[in-house]
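This report describes selected features of the structure shown below.

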Amino acid sequence: MKCFDVLIIGAGIVGSAVARECALLGWRVGVIEGGTPAGAATAAGMGHVVVMDDSAAQLALTAFSRSLWRAESTKFPKSVEYEGRGTIWVAADEEEMAEVGTRQKVYEEAGIAASLLTAAELAKQEPNLRHGLAGGLLVPDDGVVYPPAAAAFYLAEAKRLGAEVFYARALSASHKQVRLSDGTELTADRIVLAVGTECDLLPALPIQKRKGHLIITDRYPNFLHHQLVELGYLKSAHKVTDDSVAFNIQPRQTGQLLLGSSRQYGNEQPEAEAEMLRRMIDRAKQYMPALEKLSVLRVWTGFRAATADKLPLIGPAAGLSEDSSLWLAAGFEGLGITNAPGAARLLVDGMLGRESAIDATSYLPIRLTEPARLAHA
Amino acid sequence: MPKLLSILINNVTCQVAPGTTVAAAMLLAQQPSRISVDGDPRVALCGMGICFECRAVVNGTSHRRTCQMLCEDNMTVETNS
Ligand SMILES: Cc1cc2nc3c(=O)[nH]c(=O)nc-3n(C[C@H](O)[C@H](O)[C@H](O)COP(=O)(O)OP(=O)(O)OC[C@H]3O[C@@H](n4cnc5c(N)ncnc54)[C@H](O)[C@@H]3O)c2cc1C
Ligand code: FES
């Protein structure tokens with residue numbers, strides 16, 4: 001039986017980032033992928049590297065992770081398509097403009113550059129937005145990446161440092177033993193579940209699937225310069241029950257436009273739905289009427305791994321499992337691309353018992369276990 | 001012989017017979033329909049609206065499938081980059 005210091009199950013962007021981080025320590029690393037590496041949520045996602053301030057813990061993790069992306073941005077291969085495009089949060093009316101002011105203060109206190117745009121400044125930055133919008137908040141240091149290529153880069157780095165990849169499904173993972181679908185048995189001191197939305201190895205994982213649709217257009221260079229997100233996005237992304245759509249558009253390096261996004265619970269069918277696509281396009285046209293004339297090349301769906309408090313599960317599986325060899329890096333909802341490098345650091349810090357750059361307790365899986373929840377109630 | 005149509009392909013005036021597709025006119029003029037992401041010039045391939053290789057800018061609108069369009073007098077056509 002082959003022995004490792006750590007076995008990572010799942011080669012999405014999160015598992016790949018964790019693999020590299022572990023390999024950098026000189027550990028013997030094994031990665032197990034049952035499908036295509038980076039072929040699940042990571043292939044479906046938008047690749048917006050963005051600071052979000054839903055909660056203090058989310059702000060801390062996204063800001064930390066974004067700083068890691070930025071620090072490495074000049075070292076990525078071209079395929080990663082990293083661009084520091086910046087985000088503009090678009091305010092439709094005066095009420096949303098008031099919110100822009102509040103957010104700017106939050107960002108400022110956290111040391112995140114963010115500047116107010118008047119209606120005229122917004123129109124100048126993005127001439128294809130309709131007239132009559134109230135303004136916006138420009139967050140210049142946010143970025144855009146091509147997620148599958150970023151994940152492939154992390155995995156290639158891990159392999160270069162000696163990691164071994166097994167292309168088979170893990171059928172069981174417990175007490176330092178992993179059994180693969182091709183009969184291979186592996187052993188390691190630590191097993192990391194970086195399984196995205198798949199909970200069969202640990203049914204106690206408190207993760208729900210949240211479906212999303214995306215649309216990509218043909219190439220229209222210079223049509224768009226920043227990633228634009230409607231401020232109402234926060235309202236709609238927060239709703240835990242209803243289906244929602246929000247205007248969210250990203251310029252790709254090829255000149256293509258990636259248009260998001262929908263959020264749906266309780267729908268585990270991967271099919272693209274005409275009704276959701278129509279709602280997304282209608283919403284987008286309310287902000288950018290000129291989209292009407294562009295042609296769409298492809299649409300697809302993906303599943304976010306949602307948790308009850310919208311924060312990921314990073315750390316030992318304690319509370320969800322008695323097995324002290326199990327570690328989790330899952331539940332990244334709509335921010336797993338952004339948060340992958342930060343999560344990898346926090347997880348490895350936890351394994352080494354080393355202090356982290358940010359307080360890691362908010363992301364520990366144990367917070368979502370019954371006794372912990374009751375204690376907080 | 002019916003009157004020839006006059007169209008502008010990449011700023012050069014070309015005369016074509018009525019009934020000529022825009023894709024055919026671009027081939028006659030030896031102009032690529034589009035430039036791929038990697039910078040390669042492309043021309044019409046399938047001629048029947050499936051492959052999208054013949055996309056070009058027609059009267060200012062980009063990504064028109066030129067194999068599915070007939071030339072009209074005074075049309076402007078440009079390589080889509
Ligand atoms: C529509 C949409 C838009 C998004 N936009 C953004 C965005 O703009 N910015 C952002 O930061 N995030 C975004 N996200 C979220 C982001 O895509 C995900 O959070 C991220 O990709 C999760 O990565 P992961 O590695 O955890 O999961 P995945 O990519 O799903 O990888 C999990 C892997 O584990 C493997 N696996 C599971 N179980 C087993 C097993 N038993 N044995 C072997 N292998 C197994 C799977 O095959 C899979 O490859 C978006 C998501 C969606 C759906
Ligand atoms: S040549 Fe194939 S679509 Fe026009």
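## A contact between the chains

In this predicted model, the side chains of Arg55(B) and Asp218(A) form a polar contact at 2.4 Å. Arg55(B) belongs to strand 5 of chain B, which spans residues 55–58. With a relative accessible area of 8%, Arg55(B) falls below the 20% limit and therefore counts as buried.

## Confidence of the prediction

For the complex, the predictor reports an ipTM of 0.76 and a pTM of 0.93. Chain B has a mean pLDDT of 96, and 99% of its residues reach 70 or more.

## The surroundings of ligand 1

Ligand 1 is surrounded by 36 residues, of which the closest are Glu33(A), Thr42(A), Ala170(A), Gly334(A) and Thr338(A). By class, the shell consists of 17 nonpolar, 14 polar and five charged residues. At least two shell residues come from each of four elements of chain A: helix 1 (13–24), helix 2 (41–44), strand 16 (296–306) and helix 9 (336–352).

## Polar atoms at ligand 1

Thr42(A) places a polar side-chain atom 2.6 Å from an oxygen atom of ligand 1. Backbone atoms also take part: a backbone N or O atom of Gly336(A) lies 3.0 Å from an oxygen atom of the ligand, and a backbone N or O atom of Gly34(A) lies 3.1 Å from a nitrogen atom of the ligand. On its own, ligand 1 has 1000 Å² of accessible area, and the protein covers 95% of it.

## Backbone geometry

In chain A, the peptide bond that leads from Gly260(A) to Ser261(A) is cis, with omega near -25 degrees. Ser261(A) is part of strand 15, residues 256–265 of chain A.

Asn10(B) is located in the loop that joins strand 1 (5–9) to strand 2 (12–16) of chain B, whereas His63(B) sits in strand 6 (residues 61–65) of that chain. Is each of these residues buried or partly exposed? The relative accessibility of Asn10(B) is 24%, which lies between the limits of 20% and 50%, so Asn10(B) is partly exposed. His63(B), at 11%, is under 20% and therefore buried.

Conventions:
Residues numbered from 1 in each chain as written. Chains lettered and ligands numbered in written order. Predicted model: local features only at pLDDT ≥ 70, side-chain atom pairs only at ≥ 80, totals over all residues. Heavy atoms only, no water. Near = heavy atom within 4 Å. Polar contact = N/O pair within 3.5 Å; in protein donor to acceptor, adjacent residues only side chain to side chain. Areas by Shrake-Rupley, 256 points an atom, 1.4 Å probe, with all protein chains shown as cover. Nonpolar A, V, L, I, M, F, W, Y, C, P; charged D, E, K, R; others polar. pLDDT = per-residue confidence, 0-100. Buried < 20%, exposed > 50% of the residue type's maximum accessible area, 1.4 Å probe, protein only.
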